[in-house]
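I opened the model to look up its overall make-up first and then two single residues. My entries follow in that order.

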Amino acid sequence: MDIVLKTKEFVREKLSGEGTGHDWWHIERVYKNSLSLIEKETVDHVNKEVIELAALLHDIADWKFYNGDETIGPKAAREWLESQNIEQYVIEHVCEIIMNLSFKGANTKSSMKTLEGKIVQDADRLDAIGAIGIARAFAYGGYKGQELFNPMITPKEHRTSAEYKSQNTTTVNHFFEKLLLLKERMNTEAAKEIAHERHHYMVDFLKTLLKENQYENSLHYSKLQNFQSKGSFR
Ligand code: ADP
Ligand code: NI
């Protein structure tokens, strides 16, 4: 069997039924997003196999569920790839992408070097925004037992990844602290275009949510006005 197909089966088996937003269907969406970005970006050459494998394996094990250990994901992916007949340079490239993938706070830089990595990162980020992103955020918030919204807690601009990880937040604040920042973080033109639409959908959703609760004069609402056009804190 083809290695991509085999990897699909492996990941599907491992993640099916997972309830925190990293289930198989998240992986399938990221995989599909990656393929459409490859098509839309008119690039000379990308290693499609690297992109497919990285998209499929990117959430095979998540630091958030292993005491913050960021090496756990790449390790698990490497173990699988090394059990298969795959060239070493492909394994290295896939693991490097997985290592660099996750978002670590508003003011932290990502270091994705290759176009393959940039595409997978965009594909993953697209699944965190728009309607699906809203659904995933509230699912994750529920899993964490986090408040939906608390007007007394202001959104924070995290400067380091340690700060971002140790946060205690509300789900509405998570939009300000991560999801509304992603539009500006897209690497490829194709992803920027899709992100633009999904961004405005989220802003509309949050405005409606705040209006329903008579919070048009809140700090949250005024911050939202900033985010409407710029996708940044100020
Ligand atoms: P990804 O798999 O897209 O890299 P993460 O692993 O960071 O995303 O998180 C999985 C999902 O949970 C994402 O959709 C993200 O927005 C959401 N999420 C992460 N942290 C929080 C939080 N504190 N509150 C609400 N949603 C969150
Ligand atoms: Ni993901």
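**Overall make-up**

I looked up burial first: of the 234 residues in the protein, 50% are buried. I note that this is a predicted model.

Next I went through the secondary structure and found eleven helices and zero strands. Read from the N terminus, the order of elements is α-α-α-α-α-α-α-α-α-α-α.

I then checked the surface. The protein exposes about 11800 Å², and carbon and sulfur atoms supply 48% of that area.

For contacts, I took pairs of residues at least 6 apart in sequence; 67% of these contacts in the protein join residues at least 24 apart.

**Glu92**

I located Glu92 in helix H5, which covers residues 88–100. What does the side chain of Glu92 join in a polar contact? I found the side chain of Arg78, at 3.1 Å.

I also looked up the C-alpha separation between Glu92 and Pro74, which is 9.7 Å; these two residues are 18 apart along the chain.

Is Glu92 buried or partly exposed? With a relative accessible area of 37%, Glu92 counts as partly exposed, because that class lies between the 20% and 50% cut-offs.

**Gln214**

I turned to backbone angles. Most residues other than glycine have a negative phi. Gln214 is not a glycine, yet its phi is positive, at about 55°.

Where is Gln214 placed? I found Gln214 in the loop between helix H10 (189–212) and helix H11 (219–230).

Its relative accessible area is 69%, so Gln214 is exposed, the cut-off being over 50%.

Notes. Residues numbered from 1 in each chain as written. Chains lettered and ligands numbered in written order. Predicted model: local features only at pLDDT ≥ 70, side-chain atom pairs only at ≥ 80, totals over all residues. Heavy atoms only, no water. Helix = DSSP H or I, 4+ residues; strand = E, 2+ residues; numbered from the N terminus. Buried < 20%, exposed > 50% of the residue type's maximum accessible area, 1.4 Å probe, protein only. Polar contact = N/O pair within 3.5 Å; in protein donor to acceptor, adjacent residues only side chain to side chain. Contact = heavy atoms within 4.5 Å. Areas by Shrake-Rupley, 256 points an atom, 1.4 Å probe, with all protein chains shown as cover.
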